[in-house]
Amino acid sequence: MKIRVFETPSDAGLYVAALAERVVLDVPNPVLGLATGSTSCPFYQAFVKFEKCGLDLSRTTTINLDEYIGLPDTHPQSYHYFMNEQLFDHVNIPRDQIFIPDGAAADLHAECERYDDIIRKHPIDFQILGIGVNGHIGFNEPNDLLLSRTHVVELSHDTIASNARFFTDVSEVPRKAITMGVQAILQARQIVLMAFGKEKAHIVSRAIQGEVRTDIPASILQLHRDVTIVLDKLSASELP
Ligand code: F6R
């Protein structure tokens, strides 16, 4: 694992955008695995600027990690909405090369299978991750068992409480989501996990220095051969 510590999240976002640019330039039909959440915003801001400066994303395919169940695409807290606002409305990625799980699908089981099929057909070159305060990646929550494939998950109390900051009331936070499984994440050729702020310091240190364990899903990244952990000073404050 490589660990890079930056002064600010925006410096870190620039670094991750430069890593992603390398992949887009080197791979004929690049596939980027994307995350949502506040941590990913500095990366998207930088990446949009790269595109405005001439980086062509027209051959790029994107596969998002997860989506809430029960929010329409048009809801400002849906991950469809977030991705349009942060990235897709500003860059030249063709719409038919953009994949996000459909949390409004009538048959969620079929939707999970459809999504696994998409991942199989588009192996991920570069996967962006955030980390939950409880150690989740995507919405793979701490559990006795980590599921390998795309699945419906009951969000944990920690995740609901943490994500309540984006809603007017905690009661509005969806209780379920669709998430890519850990196998798809680990099959990505290169993984970059970002974490910023003091509230992530403890879980970052446990995930990257402690044992690999299913109740800290991000710890499984220790088993991957090309992972970069991108931090700011605050999230790195519990590392030696
Ligand atoms: C969202 C996702 C989550 C977030 C994590 C951190 O697509 O995959 O794992 O990355 O919950 O969220 P923030 O960045 O809002 O703290």
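**Active site and its surroundings**

Let me start with Asp 66, which is found in strand E4, residues 66-68. Strands here are DSSP runs of at least two residues, labelled E, helices are runs of H or I of at least four, and both are numbered from the N terminus.

Two points on the source. Residues are numbered from 1 along each chain as its sequence is written. This is a predicted model, where local features need pLDDT of at least 70 and side-chain atom pairs count only at pLDDT 80 or more, while totals for chains, interfaces and linings use all residues.

Why start with Asp 66? An unreviewed UniProt entry lists Asp 66, Asn 134, His 136 and Glu 141 under "active site". UniProt positions are in the numbering used here, feature names are shortened, and annotations may be inferred rather than shown by experiment.

Is Asp 66 buried or exposed? Asp 66 counts as buried, because it has 22 C-beta neighbours inside 10 Å. The cut-offs are 20 or more other C-beta atoms within 10 Å for buried, 12 or fewer for exposed, and partly exposed in between, with C-beta atoms placed from the backbone.

Leaving out residues up to four places away in sequence, Asp 66 touches several residues, including Tyr 79, Pro 101, Gly 138 and Phe 139. A contact means that the C-beta atoms, placed from the backbone, lie within 7 Å. Thr 179 is among the contacts of Asp 66, and Thr 179 is also its bridge partner in E8.

That brings in the sheet. E4 and strand E8, residues 176-179, run antiparallel and are joined by three bridges; two strands pair if DSSP finds at least two bridges between them. The open sheet has three strands, in the order E4-E8-E7, with antiparallel pairing. E4 and E7 are at the edges with a single partner strand each, so one side of each has no neighbour in the sheet.

Now Glu 141. This residue is in the loop between strand E6 (126-129) and strand E7 (151-154). Glu 141 is also buried, because 23 C-beta neighbours lie inside 10 Å. Its contacts, again without residues up to four places away in sequence, include Asn 134 and His 136, both of which are on the UniProt active-site list.

Last, the domain. The unreviewed UniProt entry lists residues 17-226 as "domain: Glucosamine/galactosamine-6-phosphate isomerase". Over residues 17-226 the chain is 32% helix and 15% strand, with the end C-alpha atoms 17 Å apart.

Notes. Two residues are in contact if their C-beta atoms, placed from the backbone, lie within 7 Å.
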